[in-house]
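Let us walk through a protein model together, one region at a time. Have the sequence and the 3D view ready, and take your time.

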Amino acid sequence: MPASKYDAIPLLPANRAPLSPEYPWPNGNKAAVFLSFDVDAESAWTAKDPKNYERLVTVSYGGFEARVGVAKLLELLRQQELKATFFITGWSVEAHPAMCEAILKDGHEIGHHGFHHLLPDPGDPLIVDELEKGLDSLKRRLGVVPVGYRAPLGESCEELRVLLKQHGFLYSSSWRDDVRPYRHLLADNTPGIIELPVTMTYDDWMYGLTHRFSPRPLFPREHVLSIWNDELAETRDWGGLITTVLHPQVSGRPMRLKLLREFLDGVKTYGDVWITTGEEIAKHFAACEAKSA
């Protein structure tokens with residue numbers, strides 16, 4: 001029988017990190033919500049095809065973030081007295097510095113989200129360039145050296161995991177394989193950075209955006225709120241972590257903002273769910289890890 005390309009797949013789990021330790025959440029909390037936003041702006045669309053920059057209605061979806069979406073979300077977070085993490089592409093920092101400065105001024109964490117929002121596919125020659133150009137923009141424009149990273153388009157690979165460690169990142173928030181934080185184990189069996197897994201249930205793009213490139217029915221507020229509340233209730237019972245993947249070009253729109261406000265109000269009613277940034281959660285994990293060593 002001829003060799004198949006599938007014969008090269010190792011007979012091992014792709015992620016060989018130990019199971020997540022069940023460290024207690026601080027201050028008696030039963031669970032945590034990592035409140036995070038991906039600020040892609042127009043780069044969400046130009047990453048698919050640079051010519052989209054000339055398709056002015058297509059990129060206007062992303063342009064909504066700087067014109068309206070981010071400001072409305074910052075207003076909501078001030079009203080809620082909450083801090084969040086904004087993962088921003090380097091292109092967005094360069095093109096919309098005032099928008100990014102407003103996020104920083106309000107005291108939110110700023111994380112790395114690539115430069116052109118390109119998918120970090122294994123072997124892609126642009127992986128290093130995307131990481132280093134993004135770091136340069138955040139430092140030069142905002143004076144920020146990020147500790148958190150979220151992979152554009154939700155992908156990662158071994159080369160990227162090694163690069164994140166080499167560049168001193170504390171955590172990534174990209175993987176979908178757990179309900180609690182854990183530490184990566186690299187292919188050479190050395191520890192990697194901390195992972196704050198993403199909960200796809202809270203990716204607003206899936207429910208609230210439709211376009212000819214990604215056509216899908218929009219979900220009504222009642223359906224999304226029901227999904228989010230049910231996931232929260234069970235995750236809280238498990239003592240787990242919810243990580244949101246919200247986009248200002250989706251959740252910064254009127255009905256979606258109302259939905260987010262209602263969800264956050266509901267989270268607060270529990271009184272024992274920690275709503276915070278990725279940096280705070282990762283630092284808590286690292287402290288518990290050091291204490292248990």
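What volume does the largest pocket have? The largest pocket has a volume of about 340 Å³. Before we go further, here is how to read such values. This is a predicted model, in which local features need pLDDT of at least 70 and side-chain atom pairs count only at pLDDT 80 or more, while totals for chains, interfaces and linings use all residues. Residues are numbered from 1 along each chain as its sequence is written, and side-chain values use heavy atoms, with hydrogens and water left out.

Now for the word "pocket". Rolling a probe the size of a water molecule over the atoms shows where empty space is left. On a 1 Å grid over the protein atoms alone, a pocket is an open set of points with protein on both sides within 12 Å along at least five of seven lines, and a cavity is a set of points where a 1.4 Å probe fits but cannot get out; lining residues have an atom within 4 Å of a point. Grid points are joined across faces, edges and corners, and a volume is the space filled by probe spheres set on the points.

Back at the largest pocket, 21 residues form the lining, and H117, L153, D203, W205 and H247 lie nearest the centre. Sorted by class, this lining has 9 nonpolar, 5 polar and 7 charged residues. Here Ala, Val, Leu, Ile, Met, Phe, Trp, Tyr, Cys and Pro count as nonpolar, Asp, Glu, Lys and Arg as charged, and the others, Gly among them, as polar. The second largest pocket has a volume of about 180 Å³. Residues lining this second pocket include R16, C157, W175 and N189, and its lining divides into 6 nonpolar, 2 polar and 3 charged residues.

The structure holds 4 cavities of 30 Å³ or more, and the largest cavity has a volume of about 100 Å³. Of the 13 residues that line it, L118, P120, I127, E130 and Y149 are the closest to its centre. Which element gives the most to this lining? That is α5, with 3 residues. (Helices, H or I of at least four residues, and strands, E of at least two, are DSSP runs numbered from the N terminus.) By class, the lining of the largest cavity has 9 nonpolar, 2 polar and 2 charged residues.

In soluble globular proteins, nonpolar side chains tend to be buried together. A nonpolar core is a set of buried Ala, Val, Leu, Ile, Met, Phe, Trp, Tyr and Cys residues joined through side-chain atoms within 4.5 Å. Buried means under 20% relative accessible area, exposed over 50%, and partly exposed in between, with a 1.4 Å probe and protein chains only. The largest nonpolar core has 37 residues, and L35, F37, F86 and W228 have the most contacts inside it. Elements that give two or more residues to this core include β2 (36-39), β3 (85-88) and α8 (221-238). The largest share, 6 residues, comes from α10. A second, separate core of 14 residues includes W25, I194, A282 and C288.

The structure holds 13 aromatic pairs. Rings of Phe, Tyr and Trp (its six-membered ring) pair if their centres lie within 6.5 Å; planes under 30 degrees apart count as stacked, over 60 as edge-to-face and the rest as tilted. F34 and Y171 form an edge-to-face pair, 6.1 Å centre to centre with 75° between the planes. F34 lies in strand β1 (residues 31-34) and Y171 in strand β6 (residues 171-172), so this pair ties together parts that are 137 residues apart in sequence. F34 counts as buried because its relative accessibility is 0%, and F34, F87 and Y171 form one aromatic cluster.

Finally, is Y53 buried or exposed? Y53 counts as exposed, at 51% relative accessibility. Y53 lies in the loop between α1 and α2. Contact means heavy atoms within 4.5 Å, and Y53 is in contact with T46, V59 and W91, leaving aside its neighbours within four places in sequence. R236, in helix α8, is buried, with a relative accessible area of 16%.
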